[in-house]
Amino acid sequence: MALPKYKTSRANTHSRRSNWKASATATVSCQNCGAPAYPHMACPTCGSYRGRTYRSAIKPGLAQ
């Protein structure tokens, strides 16, 4: 197998990797409470997904 003859410079490495950017995760609004939530997951605010409640809402400041 062929090997590189010279070291790849930082400029070439950075320009090649310049398109490796992280993208923001898409969110949808919850149909029950309207809070932003991830698609295909239960809402972190009210705990509902597709009309069913899977867990009760967590009250901030209280230990579980």
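**Group meeting: the pocket and its surroundings**

Hi everyone, let's start with the largest pocket, which is lined by 16 residues, with S29, C30, Q31, Y49 and R50 lying nearest its centre. Two elements give two or more residues each to that lining, namely β1 and β3, the latter covering 48–49. By class, the lining has nine nonpolar residues, six polar ones and one charged one. As for volume, the largest pocket comes to about 260 Å³.

Please keep in mind that this is a predicted model. How confident is the predictor, on average, about the chain? The mean pLDDT is 85, and 86% of the residues score at least 70. If we go element by element, strand β1, residues 28–29, has the highest mean pLDDT, at 94. The lowest among the elements belongs to strand β4, residues 52–53, with a mean of 84. And a friendly reminder: where pLDDT is low, the predicted coordinates should not be read in detail.

Now let's step back to the chain itself. What secondary structure does the chain have? There is one helix, together with four strands. Starting at the N terminus, the order of the elements is α-β-β-β-β.

The chain has 64 residues, and 12% of them count as buried. Its accessible surface comes to about 6,400 Å², with carbon and sulfur atoms contributing 55% of that area. What share of the contacts with a separation of 6 or more comes from residues 24 or more positions apart? That share is 0%.

Note on methods: Residues numbered from 1 in each chain as written. Predicted model: local features only at pLDDT ≥ 70, side-chain atom pairs only at ≥ 80, totals over all residues. Heavy atoms only, no water. pLDDT = per-residue confidence, 0-100. 1 Å grid on protein atoms, 1.4 Å probe; cavity = no way out; pocket = protein on both sides within 12 Å on 5 of 7 lines; lining within 4 Å. Points joined across faces, edges and corners; volume = space filled by probe spheres on them. Nonpolar A, V, L, I, M, F, W, Y, C, P; charged D, E, K, R; others polar. Buried < 20%, exposed > 50% of the residue type's maximum accessible area, 1.4 Å probe, protein only. Contact = heavy atoms within 4.5 Å. Areas by Shrake-Rupley, 256 points an atom, 1.4 Å probe, with all protein chains shown as cover.
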